Amino acid sequence: MDVAHFLFGIFGNVTALFLFLAPMITFKRIIVNKSTEQFSGIPYVMTLLNCLLSAWYGLPFVSPHNILASTVNGTGAVIEIIYVLTFIVFAPKKEKIKIFGLFTGVLSVFSVVVFVSLFALHGAPRKIFCGFPAAIFSVIMYGSPLSVMRLVIKSKSVEFMPFFLSLFAFLCGTSWFIFGLLGHDPFITVPNGLGSVLGAIQLILYFIYRDNKGTPKKHGSTTKENSLEMGIGKTHHMKQSNANEIQG
């Protein structure tokens with residue numbers, strides 16, 4: 001059982017890392033165009049909070065036997081901070097203020113959790129206090145694609161729901177769901193079980209609407225952008241507009 005627990009933790013680390021790195025194509029596009037276009041920065045801020053809380057929860061003095069959750073989420077937090085700061089630089093003024101405010105709020109919430117858990121709680125109460133917010137924001141992170149899923153159904157287009165992002169969301173959620181089951185940890189099992197289900201729904205939607213790549217865009221930039229989003233060449237048809245919702 002311990003070996004299986006460890007192996008699923010390792011697999012969860014690998015899939016989560018791919019999930020965190022998937023938006024790189026989006027941010028390359030943002031940097032090249034010097035604009036965040038219609039992309040949303042909220043999922044990256046929510047993913048950052050989830051990574052910070054989950055990394056803290058996995059530390060041995062908070063939650064024993066979950067150090068693999070700390071390693072990948074600590075790495076994810078660094079990656080998400082880079083995404084958020086990049087988004088703030090290139091976002092319109094109104095969006096810039098909103099995302100910066102959320103970013104500040106995320107750091108404040110995390111600081112409160114760390115302070116209280118270190119100086120006011122010990123043992124099981126500390127684990128519960130840190131586990132609840134980690135689970136809640138994991139659910140929020142996994143729930144962030146709901147709006148893009150609604151857009152896919154409405155437009156019958158998967159333009160803003162790239163396949164590999166959906167695939168790794170499913171694999172990541174499933175891996176950590178099994179990891180949580182084997183470790184008898186509901187704070188890991190429940191949110192990642194939901195993530196696995198939502199990832200599966202995204203994949204189903206993708207295969208239903210995969211032949212509709214979106215309508216042509218103005219300004220004559222469609223061909224170049226679609227080539228990047230489709231990942232023609234090195235990524236072998238890896239459809240990566242890597243848009244608004246998730247990460248992680």
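What follows is a conversation about this predicted model.

Student: Happy to start inside. How many cavities of 30 Å³ or more does a search of the whole structure find, and what is the volume of the largest cavity?

Tutor: Good place to begin! The search covers the whole structure and finds two cavities of 30 Å³ or more. For the largest cavity, the volume is about 250 Å³.

Student: Which element gives the largest share of the lining of the largest cavity?

Tutor: The lining is made of 22 residues, and Ser54, Asn73, Ser138, Trp176 and Asn192 lie nearest the centre of the cavity. Two or more lining residues come from each of α1, α3 (42-57), α4 (67-90), α6 (123-143), α8 (163-182) and α9 (186-209). The largest share is five residues, and the element that gives it is α6.

Student: By class, how many residues in that lining are charged?

Tutor: Let's take the lining class by class. There are 14 nonpolar residues and eight polar ones.

Student: Now the surface. What is the accessible area of the nonpolar patch that includes Phe18?

Tutor: Phe18 sits in helix α1 (residues 2-21). Membership of a patch needs over 30% relative accessible area, and Phe18 is partly exposed at 45%. Val3, Phe6, Leu7, Ile10 and Val14 form the patch with Phe18, and together their accessible area is about 560 Å².

Student: On to charges. Arg29 forms a salt bridge with which residue, and is Arg29 buried or exposed?

Tutor: Side chains of opposite charge can pair when their charged atoms come close. The partner of Arg29 is Glu37, with the closest N and O atoms 2.9 Å apart. Glu37 counts as partly exposed at 32% relative accessibility. Arg29 has a relative accessibility of 8%, so this residue counts as buried.

Student: The structure holds two salt bridges. What separates Glu95 and Lys98 along their helix?

Tutor: These two side chains meet in a salt bridge, at 3.4 Å from N to O. Glu95 is buried, with a relative accessible area of 18%, while Lys98 is partly exposed at 39%. Because they are three residues apart in helix α5 (residues 93-119), the separation of Glu95 and Lys98 is about one helical turn.

Student: Let's turn to the backbone. What is the phi of Lys34, and where does Lys34 lie?

Tutor: Lys34 is a residue other than glycine, yet its phi is positive, near 55°. At 62% relative accessibility, Lys34 counts as exposed. As for its place, Lys34 lies in the loop between α2 (24-33) and α3.

Student: And what is the phi of His65?

Tutor: His65 is in the loop between α3 and α4. This residue is exposed, with a relative accessible area of 70%. Although His65 is not a glycine, its phi is positive, at about 70°.

Student: Last one. What separation do the C-alpha atoms of Ala22 and Phe168 have?

Tutor: Ala22 is found in the loop between α1 and α2. Its relative accessible area is 9%, so Ala22 is buried. Along the chain, Ala22 and Phe168 are 146 residues apart, but their C-alpha atoms are separated by 8.8 Å.

How values were computed
Residues numbered from 1 in each chain as written. Predicted model: local features only at pLDDT ≥ 70, side-chain atom pairs only at ≥ 80, totals over all residues. Heavy atoms only, no water. Patch = residues over 30% accessible without salt bridge, like charges linked within 9 Å, V, L, I, M, F, W, Y side chains within 5 Å. Areas by Shrake-Rupley, 256 points an atom, 1.4 Å probe, with all protein chains shown as cover. Salt bridge = Lys/Arg side-chain N within 4 Å of Asp/Glu carboxyl O. Helix = DSSP H or I, 4+ residues; strand = E, 2+ residues; numbered from the N terminus. Buried < 20%, exposed > 50% of the residue type's maximum accessible area, 1.4 Å probe, protein only. 1 Å grid on protein atoms, 1.4 Å probe; cavity = no way out; pocket = protein on both sides within 12 Å on 5 of 7 lines; lining within 4 Å. Points joined across faces, edges and corners; volume = space filled by probe spheres on them. Nonpolar A, V, L, I, M, F, W, Y, C, P; charged D, E, K, R; others polar.
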